[in-house]
Structures are given as C-alpha cells and as structure tokens.
2 protein chains.
Amino acid sequence: MEFSEWYAEVLRSAEVMDVRYPVKGLYVWLPYGFEIRRRVIERLRRRLRETGHREVLFPTLIPETQLERESEHIAGFEDEVFWVTHGGLKELDEKLALRPTSETAIYPMFALWIRSHADLPLKVFQIVNTFRYETKHTRPLIRMREITTFKEAHTAHATREEAEEQVREAFELYSSFFEELGVPYVASVRPEWDKFPGAEYTVAFDTLMPDGRALQIGTIHMLGQNFSRTFEVTFETEEGEQEYAYMTCYGVSDRVVASVIAIHGDEHGLVLPPDVAPYQVVIVPILKKGVRKKILRKAREVREELSEVARVKLDDRDVSPGRKFHYWELKGVPLRVELGARELEEGTAVVFRRDELERETYSLSELPDVVPRLLEEVQENLRRRAWERFEERLHRAESLEEVREFVGEGIVETGWCGSEECGRRLEEEVEGDVLGTPYPEEREPEVERCPVCGEPAERTIRVAKTY
Amino acid sequence: MEFSEWYAEVLRSAEVMDVRYPVKGLYVWLPYGFEIRRRVIERLRRRLRETGHREVLFPTLIPETQLERESEHIAGFEDEVFWVTHGGLKELDEKLALRPTSETAIYPMFALWIRSHADLPLKVFQIVNTFRYETKHTRPLIRMREITTFKEAHTAHATREEAEEQVREAFELYSSFFEELGVPYVASVRPEWDKFPGAEYTVAFDTLMPDGRALQIGTIHMLGQNFSRTFEVTFETEEGEQEYAYMTCYGVSDRVVASVIAIHGDEHGLVLPPDVAPYQVVIVPILKKGVRKKILRKAREVREELSEVARVKLDDRDVSPGRKFHYWELKGVPLRVELGARELEEGTAVVFRRDELERETYSLSELPDVVPRLLEEVQENLRRRAWERFEERLHRAESLEEVREFVGEGIVETGWCGSEECGRRLEEEVEGDVLGTPYPEEREPEVERCPVCGEPAERTIRVAKTY
C-alpha cells in the first residue's frame with residue numbers, strides 16, 4: 001500500500017483524526033488521537049519547564065499594522081494569512097490576522113517587559129493553534145490550515161554569545177525530545193533562501209517519512225537583533241547604555257505526532273512507543289464456557305496488579321478475542337496479555353509484543369516484573385529500528401546523477417561550493433529541495449567537489465524531496 | 001478601593017495578565033497567571049475524565065452555512081461573531097466564523113459518529129479558545145473578545161430521561177468543582193428570555209463579585225432534540241427505528257479563574273486556595289551577617305523536606321525580607337516560612353498564613369506535619385469564609401422596594417407568579433437582571449406573592465445586577 005493511503009487509513013481506523021470536517025485542511029482530533037497528542041505535548045512541556053522556559057499565552061489575533069512591522073517577515077507570510085475583517089455585521093477598523101506564528105504578537109510585549117540586563121535572559125513558550133492559508137495539498141498533522149498544536153518558544157538575551165548558546169540548548173532539547181519518541185532526524189542549517197523570514201539563520205530538524213520524503217519537524221531561528229530593532233526590544237547594559245536584545249525562537253508542531261505515527265507504524269496499524277501510548281497494556285480474556293467467570297475474575301486481578309506499573313486496559317467487551325486482537329493492534333498498544341482457560345490452569349499468560357508481533361508465555365506471578373521490562377524493550381527497539389531504517393536511507397552522492405538516483409528514496413548528502421547559484425541549480429537539476437548544511441557544523445565535507453560546478457566543496461549539503 | 005480598580009491592580013501587580021496588548025478585549029497570560037489557570041483546568045479535566053467524558057479537539061473555524069443552520073442559535077450569536085473573509089490576498093469562497101461556541105462544529109460530526117443506540121451515550125469535551133465580538137466594556141477573564149479557556153462538554157443520549165440525568169450529573173460535577181475552588185454559587189434555571197439560543201432550558205451558576213454584582217460562571221443546557229433535528233443526529237433504537245438523539249451541553253470559562261481571584265483576594269493582593277496555588281509555601285530566609293551561610297543552608301534543608309509534602313519556593317534573592325514578604329503576599333502564596341538567626345538557634349521557624357495574616361512559631365522538626373495540615377486549613381477556611389460572605393449577600397424581599405434596596409448588594413430572592421411579563425417588569429423596575437428560578441427545583445416559594453402583580457407566587461425568582 002502506498003504511504004499516503006496507509007497514513008489516511010490508519011488515522012481513520014485507529015481513530016486518531018476525523019478528516020470529514022467540512023473545511024479544507026481542518027480536521028477533528030478524536031479521543032484516542034487526542035490522548036497520544038497530549039502525552040507528546042506533556043513530554044515536551046516538561047523539558048521546556050526544566051530548562052527554565054516559562055509558559056505564557058498570547059492572543060490569537062494580531063493587528064495588521066503589527067504583523068507588517070517586520071517587512072521580511074510579512075513578505076514571507078502574506079500569502080498565507082487568514083484575515084478577520086468583520087465583527088458581527090460591522091467591518092473592523094483594522095484587520096486582524098489569525099496568527100501564522102507569534103513573533104509580532106509577542107515582541108511588542110517583550111519591549112515592555114524588558115528594562116535592564118537583569119531581566120535577561122527571558123525565556124517563554126506557548127502551546128497554541130496557528131493558522132496558514134495553505135494552497136498546497138493539505139493532509140492531517142502534516143499540512144493543515146489550522147495547526148492545532150504549535151509549541152513556540154521565544155527568548156531574549158544580552159549578548160550574541162548567549163543567544164547562540166540558546167540555539168544550542170534548543171538543539172539539545174529537541175534532539176532529546178525526538179530521541180525519546182524514537183523519531184530519527186538530521187539537523188541542518190537551512191540555506192539562505194529557505195530560512196525563516198526575518199531570521200539570521202535557521203536550524204531545522206528533518207525526519208523521513210516511509211515514502212522517502214523528508215518532513216520538517218522542528219526549527220530553531222537565530223534572530224540576532226533583527227526583530228529587537230523592529231519592535232524596540234532594548235535593555236540597559238551594566239554600563240548604563242541602551243542596547244537591542246539578541247533573540248531566538250524555536251518551534252515544533254503536530255508534525256511530531258505525524259512522524260511518531262508514520263515512522264513506527266506497520267501494515268497492521270499504529271505501533272506506539274510505550275511512553276506516549278494511551279494504554280501500554282491491553283488484557284484480552286479468552287472466554288470459554290464453564291470457566292468464563294473464573295477467567296474474568298483473574299483478568300481483573302491481573303489488571304489491578306499491572307495498573308501499578310503501567311497504563312492498563314481490560315477489554316471485557318462481548319466480542320470475539322480475534323476481533324479484539326485486531327482492534328488493539330490497529331491502535332498500536334505495545335503489549336497484549338492474553339488470558340485463557342489453559343493459562344488459567346497453568347498460572348500463566350501469553351504476552352504479545354506489538355512491535356515484533358511475537359508471543360511469549362510468562363507465569364502470572366512474574367508479570368509485574370516482566371511488563372515494565374518489556375515496555376522498556378519495546379521503547380528502545382522502536383527507537384533503534386527507526387534509526388536503522390533512517391540511516392539506510394541517508395545516502396552519499398558525488399555526482400548529480402547519483403543525487404538524482406537517491407533523491408526520491410531519502411536524504412542525499414553531497415558536496416557544495418557554497419554559492420546560492422549552485423544550491424538552486426542543484427534543486428532544479430535533481431527536482432529536490434536543499435535541506436541545508438549539517439548542524440552542528442562538521443569539520444570537513446566528505447564529498448570533495450560541488451557536483452554542480454565541480455569546484456572544491458566547502459560544505460556538505462543535504463537534498464531530499466520534501467513535504 | 002473600588003473593586004474594578006482593585007481587580008485591575010491585582011492582575012497587574014501579581015503578574016496574572018498583561019492588559020497592554022494592543023487590541024480591545026485581548027490580553028496576555030503571564031507565567032504566574034498561567035500556572036493558576038493550568039491548575040484550575042487540570043482539576044476540571046480530571047473530573048470530566050472520571051465521569052466518562054472523552055477529550056476531543058475541533059477546528060476553530062466554522063463555515064457560515066453551518067453556523068447558520070440552527071436559526072435560533074445564529075440569531076443569538078450573529079452580532080458577536082468574528083468573520084474570516086480572506087486567505088492571503090484572496091477572498092474566501094465561504095466566510096468562516098471564529099467559533100463563538102462549538103455546537104455547530106461538533107454536531108454535524110455527531111451525526112456521522114452516532115449510528116445506533118449502542119453508540120450512546122456519547123460524552124465529549126474540549127478546552128479551547130472561543131471568540132466574541134463584545135461591544136460592552138471588556139475586562140480580563142470576565143468579558144473578553146478571545147475567551148482563552150472555554151471548556152465545553154457535549155453529550156448525546158437515547159432518551160429524554162438520560163439527557164435530564166446528564167444535566168444533573170453536570171450540575172453535580174460543576175458544583176463540586178466550584179466547591180473545591182471555594183467559589184460559592186447559586187444555580188438557577190434561566191428565564192425563557194435569557195436561555196442559551198437553541199436550548200430547551202439553561203441552568204446557570206452565578207457567584208457574587210465583591211462589588212455585589214453576579215457573575216455567571218457556568219451553564220448547562222438541555223437541548224432536547226432541537227439541535228439533533230437540525231443536524232440530523234439520529235440513531236437506530238433497539239426496536240430498529242430511527243430517532244433523534246437527546247442532547248445536552250455545558251461549559252465553564254476563564255471566569256472561574258476570575259472568581260477565584262476576586263472572591264478570595266484581599267487588600268494585600270491575591271489569596272490563593274492551596275489546591276491551585278503555583279507555590280503553596282515560600283521560604284524566606286532572614287539573613288544576618290555572620291550566620292548568613294548557616295541560615296541559607298538550613299533554608300535549603302527545609303525546602304528539601306517540605307518539597308515532599310507541598311509545592312515549595314525558596315526565595316534566596318538578594319533583596320530585603322520585607323520586600324519579599326510584600327511580593328509573595330501580593331502573589332497569594334498560602335504559607336510563608338520565615339527562618340532567621342533566632343529561629344536557627346531555637347530550631348524553629350515562623351509560619352505566616354496568608355488567609356488570616358497570622359504568624360505562629362513551630363519547631364522545624366514538626367514542619368513536615370504542620371504544613372500539609374495548615375494547607376488544608378487554609379483551603380477550608382477560604383471556602384467557608386467565601387460562603388459566609390456570599391450568604392450574607394443573599395437577600396429575601398417581599399416588595400419591589402425591598403428588591404430595589406438590595407439589588408446592588410447581592411442576589412435578591414422574591415416571589416414570582418411565573419409570567420414573562422412580570423419577570424421583565426421586575427427587571428425594569430429594579431434595574432437588575434433576572435437570574436432565574438432555583439435549581440434543583442424547590443417545593444414551595446418562600447415569598448408568597450409576586451411583587452409585580454401581587455398574584456400568588458409559583459416560584460422563587462432571583463434578581464441581581466450582573467456582569
């Protein structure tokens with residue numbers, strides 16, 4: 001089955017999202033999907049709080065004049081902004097934008113909040129919905145007109161060095177967040193022609209979808225003093241002078257959830273990392289006449305015991321075990337405990353691992369020890385497996401032909417002389433997008449020459465087909 | 001100080017919200033305020049989940065045709081809807097409303113989700129931002145153009161009885177939620193002329209602000225089959241017939257946070273119930289030359305110990321104890337532990353209670369037992385105190401003159417013959433709003449006659465000045 005077909009089908013049948021909402025690019029989070037989303041968000045939130053980011057919440061609506069103050073920024077977004085023009089039956093005095101991102105909402109307040117160096121660094125984040133009038137093909141969690149989950153962090157610093165240090169902290173934070181979800185990635189400095197509008201440079205995280213196309217799942221922007229000059233975010237230095245703050249911002253979105261689903265899933269449906277699975281264990285009693293009650297009683301006992309060590313669901317619905325197996329495999333529950341007449345007699349249970357589709361029998365008494373261990377193994381196995389597949393699709397190419405050969409299958413690394421002209425030519429020649437140069441910066445490029453002009457390569461450059 | 005002045009000042013100085021965002025009726029949640037909000041929301045979310053409500057998330061934008069399908073509903077909202085008319089530079093084919101509430105977004109999906117009686121009851125909720133083009137005076141958390149926190153639940157049932165039962169469940173759920181926050185209330189069936197547009201009837205919770213005006217803090221709507229007929233939410237009964245579902249919906253908003261702030265606060269600032277306080281205990285070391293290090297070391301020890309039983313902040317900033325006292329009183333931290341040279345010597349600490357502004361000395365060794373006990377006492381004391389004040393301002397009146405006398409000071413109960421005419425006359429005569437009749441329904445009205453027409457009273461009716 002093609003990936004995009006599989007993806008649509010699994011979102012539907014595992015009840016992640018409903019795509020039947022009657023507006024292009026807008027979808028409904030179903031309860032099961034919402035639970036996955038919530039767990040992913042909570043992990044990110046915890047990391048942000050632990051690193052001193054404070055949570056805030058800004059309005060959704062941004063006045064036109066404010067959105068347009070940063071000229072590069074608005075140039076980058078003007079085709080994508082939804083505009084509110086009327087309140088009730090009355091036309092508004094000033095149009096209001098649905099935030100496409102919140103720099104222009106937040107930084108005027110930064111200008112009020114920051115007085116002196118003692119107020120710095122300032123590190124805040126919010127988790128909000130943002131809006132983009134997408135004209136391309138929309139797709140749940142990947143390209144939506146309402147991004148339902150946009151975590152954006154914004155920071156201000158006294159020096160360029162501290163802002164650069166913040167970019168590194170954000171890099172570490174996102175790296176470990178993606179690691180935790182078992183989502184493999186490369187981080188690249190985006191080329192000049194593809195950086196965030198208004199930024200000095202952009203570091204982006206890309207993962208690979210099963211169809212070989214790269215998906216941008218996180219970005220970090222070094223803003224330097226660009227926005228602080230526009231929005232007059234100044235502070236008094238220790239020496240008593242007024243200076244513009246150095247700023248950064250970084251974000252991840254619903255796409256993280258999309259990648260968890262797409263990367264770990266298989267032909268039977270979702271395969272969820274235990275850390276974000278709504279249920280980590282499902283108990284399916286195999287009921288048989290005569291011992292029905294006994295089995296159910298034991299199943300409840302097992303649920304009680306396992307609830308101490310995992311999130312457990314006992315499926316005691318009146319449908320066949322086969323249907324339940326299918327149902328919970330589709331939903332990606334990491335472990336299934338099967339309990340039938342034979343197991344009851346022997347004091348055992350069969351444990352099925354969703355990641356490897358393998359069964360093993362354990363004595364009931366050891367289950368409370370076995371389950372947490374297996375959950376850890378599943379978590380680690382998914383991570384390892386995803387990285388292996390990812391690395392298999394990370395190619396190195398010397399010539400344009402080679403780049404072209406691999407570019408539909410994954411990410412291709414080649415040499416780059418460093419000129420924008422060659423970068424753009426490369427994109428045209430191979431019908432791919434330049435992801436950028438490795439971050440953190442490598443010492444020497446592995447490929448010696450730029451495949452476009454033949455000059456010595458200054459950097460490695462990455463190319464892929466992208467979402 | 002007048003309440004509205006006090007309220008604005010406490011939001012500012014305790015860093016709850018910043019009102020300087022440059023659009024009328026839109027405000028910024030500051031980190032400290034955000035933490036209070038988060039704890040309030042989490043308590044509500046837990047109650048909803050425990051009672052079988054599943055969390056979902058619907059789009060913010062509702063197509064015009066869909067919003068207008070329920071005619072009474074749209075008539076009630078059309079003056080208040082923000083409209084998105086443009087995407088980028090292009091005019092949209094169909095206008096999109098920023099949800100003022102989500103019935104018209106959700107129920108068309110209910111129509112797809114519900115097939116048979118086995119799918120019922122269906123109980124979902126979401127916590128979202130909603131929008132109202134308010135033309136009245138706006139005020140943070142009380143009347144905003146973007147309601148940042150709207151928890152709306154929506155349910156569908158097979159029978160009218162089950163829907164009525166759901167109204168009662170929602171009543172219990174909200175009652176205990178408000179109790180937990182120490183927010184006193186009366187619940188009233190709103191008069192016909194003030195019910196939710198499209199509902200059969202509305203039960204509303206009102207509390208009292210310190211200025212004597214009533215604030216609606218929660219509503220429950222019995223929708224009957226009104227919306228299910230409009231949106232074709234049908235199901236197959238056990239007998240194989242198609243029937244329209246019976247529906248309810250109920251919501252609370254940011255106003256809950258406003259009432260926690262307004263009701264418990266005093267002239268020194270916020271007074272937070274321990275359950276929702278970002279910090280429950282602040283430790284302030286009283287540093288003195290010579291024993292400075294010793295005191296700080298002990299303060300850290302105390303923080304470690306108390307962290308096991310409460311959310312603790314050690315304020316070791318280099319500013320005077322007096323300033324710290326003032327700062328944390330403003331922020332409403334329930335308990336302050338003061339630790340100075342004398343206490344160090346004696347092995348004691350002074351504990352200051354924010355609710356009663358009283359100090360008491362305890363031995364350090366008993367603190368881990370004392371603190372949780374005091375927190376419970378504060379929680380209970382705030383609740384009790386708030387209810388006492390509330391009941392003092394719940395008046396009974398026999399005549400229009402009496403109603404008029406009390407109506408600016410609180411909620412006035414009088415008799416009502418039951419006619420809309422008298423209800424509306426009452427509002428005009430006393431320059432107040434009818435809140436409705438008591439819910440659950442009382443047996444006999446306490447006041448015998450309708451003060452407008454003099455006929456025998458059928459019900460008690462409540463009147464107040466409202467927000």
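**Notes on the A–B interface and chain A**

1. Start with where the chains meet: 41 residues of chain A are in contact with 41 residues of chain B (contact: C-beta atoms, placed from the backbone, within 7 Å). Bear in mind that this is a predicted model, where local features need pLDDT of at least 70, side-chain atom pairs count only at pLDDT 80 or more, and totals for chains, interfaces and linings use all residues. Residues are numbered from 1 along each chain as its sequence is written, with chains lettered from A and ligands numbered from 1 in the order in which they are written.

2. On chain A's side, the elements that each supply at least two residues include α2 (31–50), β6 (90–98) and β8 (146–157). The top contributor is β5(A), with six residues. Helices (H or I, at least four residues) and strands (E, at least two) are DSSP runs, numbered from the N terminus.

3. By class, that side of chain A has 25 nonpolar, eight polar and eight charged residues. Here Ala, Val, Leu, Ile, Met, Phe, Trp, Tyr, Cys and Pro are nonpolar, Asp, Glu, Lys and Arg charged, and the others, Gly among them, polar.

4. Chain A itself has 14 helices and 23 strands. Its C-alpha trace spans about 85 × 55 × 50 Å along the principal axes. Among its contacts between residues at least 6 apart in sequence, 69% join residues at least 24 apart.

Methods:
Two residues are in contact if their C-beta atoms, placed from the backbone, lie within 7 Å.
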